[in-house]
Number of protein chains: 2
Amino acid sequence: MRSDASGRALPQPYLLFLGDITEAPFAKTAFGLRDWAGGLCIGEFALAASTVTTGLPRLTPQEAYARGARALVIGVATRGGAVMPAWIPALREAMEAGLDIISGMHSRLADNRELAAAATHLGRKLIEVRTPPSNIPVATGRKRTGKRLLTVGTDCALGKKYTALALTRALRKRGIDADFRATGQTGIMISGAGIPMDAVVADFAAGAAEMLTPDAAAGHWDVVEGQGSIFHPSYSGVSLALLHGTQPDVFVLCHEVGRERILGLETFPTPTLREAIELHLILGRRTNPQIRCAGVSLNTRGLSDEQATRELANWRAELHLPVADPVRGGAEMEQLVSACLATEGLP
Amino acid sequence: MRSDASGRALPQPYLLFLGDITEAPFAKTAFGLRDWAGGLCIGEFALAASTVTTGLPRLTPQEAYARGARALVIGVATRGGAVMPAWIPALREAMEAGLDIISGMHSRLADNRELAAAATHLGRKLIEVRTPPSNIPVATGRKRTGKRLLTVGTDCALGKKYTALALTRALRKRGIDADFRATGQTGIMISGAGIPMDAVVADFAAGAAEMLTPDAAAGHWDVVEGQGSIFHPSYSGVSLALLHGTQPDVFVLCHEVGRERILGLETFPTPTLREAIELHLILGRRTNPQIRCAGVSLNTRGLSDEQATRELANWRAELHLPVADPVRGGAEMEQLVSACLATEGLP
C-alpha cells in the first residue's frame with residue numbers, strides 16, 4: 001500500500017494469538033484480521049485452554065517464524081484490557097522464536113515488567129498500536145491532491161470500519177488505486193499502518209487526519225475509517241477533527257437498523273439519516289466545498305434476507321440515494337460504489 | 001471560588017516573573033494576571049536586563065514570600081516556548097525563598113535538569129498548567145444542575161477569554177454566584193484552576209469539559225472560556241468537544257471587527273456572524289436543547305470611539321441581539337449581561 005505520513009509500518013506477516021479464551025466475541029481482532037488481511041496471517045497460536053479458532057493453521061511460534069511470520073498479534077480482548085499473567089510464557093516463547101509482539105490493548109505491553117525485560121534481552125519489539133506517532137503537526141487545512149472518502153456514522157460501533165474496508169476492496173476490484181486508511185487499532189493491524197485517532201492530543205487531531213491522507217495521484221482514493229459520530233456527546237470532537245482533517249470528497253453514512261439510541265447513552269436518540277447527511281454536508285464544506293454524500297451503508301444484521309431487502313428498498317426510496325449493506329453486498333453495493341466514484345450530482 | 005472537579009488548585013498569591021524581556025507583548029500572561037487577578041499578585045520580579053513593568057511593586061523573592069507570595073509565575077512567553085538559561089539563577093533564588101514555580105510554557109520546567117534537581121533538593125514544586133489532570137473520564141452527556149455560559153468564536157485569538165472574564169465580573173457585580181472556568185494556560189493561572197483543553201487526549205476532551213463544569217446550585221453560573229472555533233480547520237474538534245461537554249444554556253459569540261480570514265490560514269474566510277450563531281445552535285442543541293445565543297462580543301480594538309459605537313449599532317440592528325465590546329463596557333455590555341440572564345426569548 002501507499003504509506004501514509006505517520007511513519008508506522010508494522011512487521012508482517014502475522015501469527016494470531018488467541019490466549020486462553022473460550023468465547024468467540026473476545027477474538028474480534030483475530031477474526032477481523034483473518035477476514036480483511038488473510039494474506040498476512042500465517043496461522044494462529046493459542047494456549048491449551050482456548051477453545052476458539054479462526055480456522056487458520058494452529059502453529060507454534062517456531063513453525064510460524066519458519067513460514068515467514070515476523071510478529072505475534074494479540075488477537076483477543078480481555079475484560080480489563082490488560083495482558084493476562086497466563087499469557088506470559090507464550091509471549092516469551094514467541095519472542096524467543098524471533099517474533100515482535102503487536103498489541104492494541106488498553107494497557108501497554110511494556111508496562112508488564114517480565115515482558116519488557118524479555119523483549120530487551122531478546123532484542124524484540126513490543127509494538128502498541130494505540131500509541132500515536134510523536135510528530136503529528138497542527139492541521140493546516142491545505143487542499144491535498146487525490147480523492148478521499150470518509151465513512152461516518154449515526155453512532156459508534158455500527159460498521160464504519162467494515163464499510164471502509166468493503167469499499168476499498170470494491171474499488172480495487174474495479175481497478176481503482178485505493179488505500180484503506182486506519183484510524184483505530186484493529187484497522188491499523190489490518191492495514192499495517194494508520195493513526196489511532198482517539199489517542200491523539202485534541203489540538204493535533206485534525207493534523208493527524210491530514211497526516212493520514214497525504215497528497216496522492218489524481219486518480220487515487222484514500223478510504224478513511226471513521227471514528228465516533230458528530231452526534232455522539234462523548235466523541236463528537238474526534239469525529240469533527242477527522243471530517244475537517246480528511247477533507248473528504250465523498251462520505252458514506254453508516255447506520256444500523258433499529259439503533260434508535262446512542263449506545264451506552266440511552267437518553268440521546270440517534271439522528272435521522274436525513275439530519276445526519278445534512279449536518280455532515282454543512283460541516284464538511286468547511287474544508288471541502290465539493291463534499292457530497294454517496295449513500296448509506298445500512299447494517300441489517302439480525303434481519304432475514306427478505307426483511308433486509310425491504311428495509312434497504314424503503315430507505316432508498318426515502319433518501320433517493322444508494323443504500324446497501326456491505327455484508328450482504330449485491331447490486332445495491334455496486335450502486336453505492338458507483339455513487340462514490342460519480343463526480344457529479346447527488347446531494 | 002467553587003472548585004471544578006479537576007482537583008487542580010494552584011499555590012497563591014503570586015510573584016510575577018518577567019525574565020529579561022524588553023518588549024511588552026511578550027508579557028501578556030503577566031498583564032493578564034495583573035488585570036484579572038490583581039488581588040492575587042503581590043509584585044513582580046525581573047532580571048536586571050528587563051525594561052518591562054506591570055506597575056506592581058518590584059520585589060525580591062524573599063520580600064515577596066514575606067508578604068505572603070507562595071508561587072512564582074512565569075509571566076512571559078519566549079520564542080521557543082522554553083526556559084531561558086539566563087533565568088535559571090533567578091528561578092533557583094525563588095525556590096530557595098520558598099516559592100513553587102508555575103509555568104504555562106510549551107516545554108516543561110522539569111525537562112530542565114538544573115531546575116528539576118533544585119526543586120527536588122529544595123522540596124519545591126514545578127507546576128505545568130499545560131498538563132491536564134490524569135483522571136479525566138469519557139463524557140457521559142448527563143445533564144448537570146446549575147447554569148452554564150460558553151464564549152465561542154468565529155476564530156482563535158479574538159477575545160473569548162477576555163469576554164468570559166468580563167462576563168463573570170459583571171455577573172458577580174449583580175450579585176450572581178458565578179465562576180470563571182479556565183480552559184487555557186493564562187486562564188488557569190488567573191483562576192487558580194481549570195483544564196488546558198488543547199492538551200487533553202481527543203477521546204477525553206468532552207469529558208474534560210464535563211469535569212470542568214460539575215453540578216452546582218440552581219442559581220450558579222459557570223462562565224467557560226471557549227477555545228478555538230468550530231469553523232477553524234485545525235481546532236474545530238476541541239471547540240465541538242467543549243460545546244457538547246459544557247452543555248451551555250447560553251453562549252456569547254466573539255468576533256473581531258475586520259477579521260475576515262482565519263488567523264494564519266488565509267484561504268479560509270471567517271463565517272458570517274449569522275452563520276456562526278446558527279451552527280452553534282444546531283450543534284449545541286445536541287446536549288442542551290434549550291441553548292440560546294445571548295448576543296455578540298465584538299472586539300473593536302483599533303477603532304475610534306465613534307467608529308466603535310457605529311459598528312456596534314450596525315450589528316445590533318442587523319442581528320436583533322445585544323452587541324457589546326467588553327473592553328469598552330457601557331450600556332451595551334449591561335444589555336449583553338441581561339440577555340445572558342434572560343430565561344426566555346431570543347434565538
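## Strand β6 of chain A

In this predicted model, strand β6 (residues 147-153) of chain A is mostly covered, with 7 of its 7 residues buried; a residue is called buried if 20 or more other C-beta atoms lie within 10 Å of its own, exposed if 12 or fewer, and partly exposed in between, with C-beta atoms placed from the backbone. Strands (E, at least two residues) and helices (H or I, at least four) are DSSP runs, numbered from the N terminus. In a regular strand the side chains alternate between the two faces of the sheet. In β6(A), K147(A), L149(A), T151(A) and G153(A) point one way, R148(A), L150(A) and V152(A) point the other way, and all are buried.

Residues are numbered from 1 along each chain as its sequence is written, while chains are lettered from A and ligands numbered from 1 in the order in which they are written. Because this is a predicted model, local features need pLDDT of at least 70 and side-chain atom pairs count only at pLDDT 80 or more, whereas totals for chains, interfaces and linings use all residues.

## The six-stranded sheet of chain A

Strand β6(A) belongs to an open sheet of 6 strands with parallel pairing, in the order β7-β8-β6-β9-β12-β13; two strands pair if DSSP finds at least two bridges between them. The edge strands of this sheet are β7 (178-181) and β13 (323-324) of chain A, each of which pairs on one side only.

On one side, β6(A) and β8(A) pair in the parallel sense over 4 bridges, and R148(A) stands opposite D222(A) in β8(A). Strand β6(A) is also joined by 5 bridges to strand β9 (residues 250-256) of chain A, to which it runs parallel, with G153(A) opposite C254(A) in β9(A).

## Sheet and helices of chain B

Chain B likewise has an open sheet of 6 strands, in the order β7-β8-β6-β9-β12-β13 and with parallel pairing. Helix α5 (residues 160-173) of chain B lies across β6 (147-153), β7, β8, β9 (250-256) and β12 (292-299) of chain B, running at about 165° to β7(B), and α8(B) lies across β6 and β8 of chain B at about 165° to β6(B). Axes here are lines fitted to C-alpha atoms, for helices over the stretch in contact, and angles run from 0 to 180 degrees between N-to-C directions.

The axes of α5(B) and helix α11 (residues 330-341) of chain B come within 10 Å and cross at roughly 80°, which makes α5(B) roughly perpendicular to α11(B) (angles under 35 degrees count as roughly parallel, over 145 as roughly antiparallel, 65 to 115 as roughly perpendicular and the rest as oblique). The contact is made by L167(B), A170(B) and L171(B) of α5(B) with M333(B), V337(B) and C340(B) of α11(B), where contact requires that the C-beta atoms of two residues, placed from the backbone, lie within 7 Å. By class, the residues of this contact divide into 6 nonpolar, no polar and no charged; Ala, Val, Leu, Ile, Met, Phe, Trp, Tyr, Cys and Pro count as nonpolar, Asp, Glu, Lys and Arg as charged, and the others, Gly among them, as polar.

V323(B) has its place in strand β13 of chain B, and it counts as buried because it has 24 C-beta neighbours inside 10 Å. Leaving aside neighbours within four places in sequence, V323(B) is in contact with G295(B), V296(B), L298(B), L312(B), W315(B), R316(B) and E332(B).

## Where the two chains meet

In the contact between the chains, 29 residues of chain B touch 29 residues of chain A.

A rotation of 180° with 0.0 Å of shift along its axis superposes chain B on chain A (RMSD 0.0 Å), which is the relation of a two-fold axis; copies are superposed by least squares on the C-alpha atoms of residues with pLDDT of at least 70 in both. The same surface serves both copies, since 100% of the contact residues of chain B recur in chain A.
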